[in-house]
Amino acid sequence: MKCPICKKEFSDLKYRPFCSKRCADIDLGNWFNEKYSFAATEVDEEDLQALEDAAKQKADD
């Protein structure tokens, strides 16, 4: 496997998928500093209410 941060090959699985604590911490810092993002979709109120109602009904079953 290759570390997604430094691209080095590694065999120690302790910090998988990273090669070291340093690379794992760099990745965590990237999340905290909002360097990573993913697309979100807008949900209108009716859809949101329908999802909440379905979840509540499932929990009651």
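The model is predicted, so local features need pLDDT of at least 70 and side-chain atom pairs count only at pLDDT 80 or more, while totals for chains, interfaces and linings use all residues. Residues are numbered from 1 along each chain as its sequence is written, and side-chain values use heavy atoms, with hydrogens and water left out.

Asp-27 sits in helix 1, residues 21-32 (helices are DSSP runs of H or I, at least four residues, numbered from the N terminus). Asp-27 is buried, where buried means under 20% relative accessible area, exposed over 50% and partly exposed in between, with a 1.4 Å probe and protein chains only. Leaving aside residues up to four places away in sequence, Asp-27 touches Ile-5, Phe-18 and Tyr-36 (contact: heavy atoms within 4.5 Å).

Next, the cysteines. The structure accordingly holds 0 disulfides. Cys-3 is buried at 1% relative accessibility, and Cys-23 is buried at 1%.

Finally, the search of the whole structure finds 1 aromatic pair (ring centres within 6.5 Å; planes under 30 degrees apart stacked, over 60 edge-to-face, the rest tilted). Trp-31 and Tyr-36 have ring centres 4.8 Å apart and planes at 70°, so the pair is edge-to-face. Trp-31 is partly exposed at 44%, and Tyr-36 is partly exposed at 30%.

Notes:
Helix = DSSP H or I, 4+ residues; strand = E, 2+ residues; numbered from the N terminus. Lys, Arg positive; Asp, Glu negative; His and termini not counted. Salt bridge = Lys/Arg side-chain N within 4 Å of Asp/Glu carboxyl O. Disulfide = S-S within 2.5 Å. Phe/Tyr/Trp six-rings, centres within 6.5 Å; stacked < 30°, edge-to-face > 60°.
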